[in-house]
Amino acid sequence: MNSSFTTFALYALGAGALTTSLVKLKSRVALSKGKHRSLSGHSRMARRIAAMVPYYEYVEERFFRVDGAPADVAVRREDGFRRLSRLYAKRYPKTVQLTDVVKDSISDLQFTDAYRVPFQFSRFVRTHLPAPAFVQASSGVTVTDLDGNSFYDLTGSYGVNLFGYDFYKQCIERGMEQVRELGPVLGPYHPVIADNVERLREISKLDEVSFHMSGTEAVMQAVRLARYHTRRTHLVRFCGAYHGWWGDVQSGVGNPVPARETYTLNDMSEDALRVLNNRRDIACVLINPVQALHPNADAPGDSSLIDSSRSAHFDKAAYVDWLARLRAVCSRRGIVLIFDEVFVGFRVAIGGAQEYFGVRADMVTYGKTLGGGLPVGVLCGHKDLMRRFHEDWPADICFARGTFNSHPYVMGAMHEFLCRLDSPEIRALYAELDDVWSRRAAQLNERLHAEGLPVQVANLSSIWTVCYTQPSRYNWMLQFYLRAEGLALSWVGTGRLIFSLNYTQTDFDVVAERFVAAARAMQQDGWWWADPATTNKSIRRLILREIIAQRLSSYRG
Ligand SMILES: Cc1ncc(COP(=O)(O)O)c(C=O)c1O
């Protein structure tokens, strides 16, 4: 009797352990399937591989023919390069000189400078085509450098510049007037904050608001609160999506420590929904709606433009469908759905991505343009998620403060921004927003195509990215030709062009003209010469061989 009971108990224990292991294994397999198959989807692996890539560079004579171009093409390229170099030296002397003075003392500048183009080309480019880091004035849709050169601004100031720089100058000036008497007093609020909060509640359709100093901080706070209220550990982000530079949202390369409580899943995939459906440790899902333009791809900087595989295509209906399904799973599983609208908020619609895609989030972060030209991060959320303490458990708090939160000057500029959103001129800009920008993109694409240039643009409203239609190692050179034509890009180069909505059709026509002229000059200088046998895959294989050879030579040496 006793022994059969023991046997039974052992069987039961064994069966229990087996079931638990199988459940864990199933969940592990589901998680693996929920990841994107690229390296960005496998952050640990990406970090390990990145750590194995050694530095090497193309010195002068290889620089112009890494793709095996014939000698005459290499000569054309070199002539073009030297011509640009002379033009830069002649046109931007003061701007470049001051850049040289500060370069070694501003770490940010050294970083952006080094990662403007693929690293193998970087040093040579920096030496001969220095990127001037200063501007002294802005007006309309242009900025002016220290030498008096005027550029059409395609940087959008990282997305802050939605309505034109003059608009923000006014927001700052009028905002300052409103709070001048108080000055920079922190702690107690300037009364202007009350109206800001009301307007933000109306825009976000959420109950409460908290103010922060940057988009990164707003995202941190959203995730922190989601963890606090759900009592779960993990956040889900989608492959390639940027949510600021805080560790937990940077799970791959770029973060010195692994983000252990982050799952990076495959965007717009059934497998990802399955993970959300099955796991019990997920506190929140972060969505950066700009990914609708290039799901699962990293922010498209030119430093990763090693071939022409960058691709982008915006399918609004597909993204609406995806968000609706995501919303349903999150609601069912008690997972907090956070829209990170730091970039797209106000840009795609006054009510942001929630309005544009017709899906409501539990929390929304804003930033950039909302500060009316001053630094800000804002979190809006449901009342029950925003609370930082429990009535019944006084020691159980979710701490978040910040010296400069709700700074009167920021609140003043934000107030101007929010009030002006209601003006007829600004409302009119939203009337045919997507049609206007998609028509302009199509117009430019037609011209590029008609001239036989291997360049096309893709857009999500006023957010554009440049794609290249034939395999090449030199696409990143386009940013230098664009500058020579008086078009200013941010340090990520042709990966992201951001237009402000005050671009008239006439302004845009000039930009299109210059864009085509830049691409034409680049083509004439031979950079897009291509061996018919070259493919994006063969380019990547070649680079891999170079990396391995470099590693081996460093072992030998
Ligand atoms: C979607 C998104 N979230 C967060 C951030 C971080 O904002 P900030 O640079 O103000 O910290 C950015 C910045 O580009 C962003 O685009």
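Okay, let's start with a pair of side chains: E546 and R62 meet in a salt bridge, at 3.5 Å from N to O. By salt bridge I mean a side-chain nitrogen of Lys or Arg within 4 Å of a carboxyl oxygen of Asp or Glu. E546 sits in helix α20 (residues 536-556) and R62 in helix α3 (residues 60-63), so this pair ties together parts that are 484 residues apart in sequence. The structure holds 28 salt bridges.

Quick housekeeping. This is a predicted model, where local features need pLDDT of at least 70 and side-chain atom pairs count only at pLDDT 80 or more, while totals for chains, interfaces and linings use all residues. Residues are numbered from 1 along each chain as its sequence is written, and side-chain values use heavy atoms, with hydrogens and water left out. Helices (H or I, at least four residues) and strands (E, at least two) are DSSP runs, numbered from the N terminus.

On to the sheets. Four strands make an open sheet in the order β1-β2-β3-β15, and the pairing is mixed. Two strands pair if DSSP finds at least two bridges between them. As a reminder, strands of a sheet pair through backbone hydrogen bonds, either parallel or antiparallel. At the edges are β1 (137-139) and β15 (487-488), each with a single partner strand, so one side of each has no neighbour in the sheet.

Inside that sheet, β2 (residues 142-144) and β3 (residues 150-153) run antiparallel, joined by three bridges. T144 stands opposite S150 in β3, and V143 stands opposite F151 in β3. The hairpin of β2 and β3 has five residues between the strands, and in it G148 takes a positive phi near 85°. What about β3 and β15, parallel or antiparallel? They pair in the parallel sense, over two bridges, and D153 has A488 in β15 as its bridge partner.

Now, what lies across this sheet? Helix α8 lies across β1, β2 and β3, running at about 110° to β1. Helix α19 (residues 505-524) also packs on the sheet, touching β3 and β15, and its direction makes about 105° with that of β3. For those angles, axes are lines fitted to C-alpha atoms, for helices over the stretch in contact, and angles run from 0 to 180 degrees between N-to-C directions. Contact means heavy atoms within 4.5 Å.

Stay with α8 for a minute. Which way do α8 (residues 165-179) and α15 (residues 408-421) pack, and at what angle? The angle is about 125°, with the axes 7 Å apart. The two are therefore oblique to each other; the scheme is under 35 degrees roughly parallel, over 145 roughly antiparallel, 65 to 115 roughly perpendicular, and the rest oblique. The residues of α8 in the contact include F167, Y168, I172 and M176, and those of α15 include P408, Y409, F417 and R420. By class, that contact has 10 nonpolar, five polar and three charged residues. Here Ala, Val, Leu, Ile, Met, Phe, Trp, Tyr, Cys and Pro count as nonpolar, Asp, Glu, Lys and Arg as charged, and the others, Gly among them, as polar.

There's another helix pair to look at. The axes of α4 (residues 71-91) and α7 (residues 119-128) come within 9 Å and cross at roughly 45°, and these helices are therefore oblique to each other. F81, R82 and S85 in α4 meet F124, V125 and H128 in α7. That contact has three nonpolar, two polar and one charged residues.

And then α5 (residues 93-103) with α6 (residues 107-114): their axes come within 9 Å and cross at roughly 115°. T99, V102 and K103 in α5 meet L109, Q110 and D113 in α6.

Last stop, another sheet. Three strands form an open sheet in the order β13-β14-β16, with antiparallel pairing. The edge strands are β13 (455-460) and β16 (497-498), each pairing on one side only. Six bridges join β13 to β14 (residues 463-468), and V457 has V466 in β14 as its bridge partner. Helix α17 (residues 433-450) lies across β13 and β14, running at about 170° to β13.
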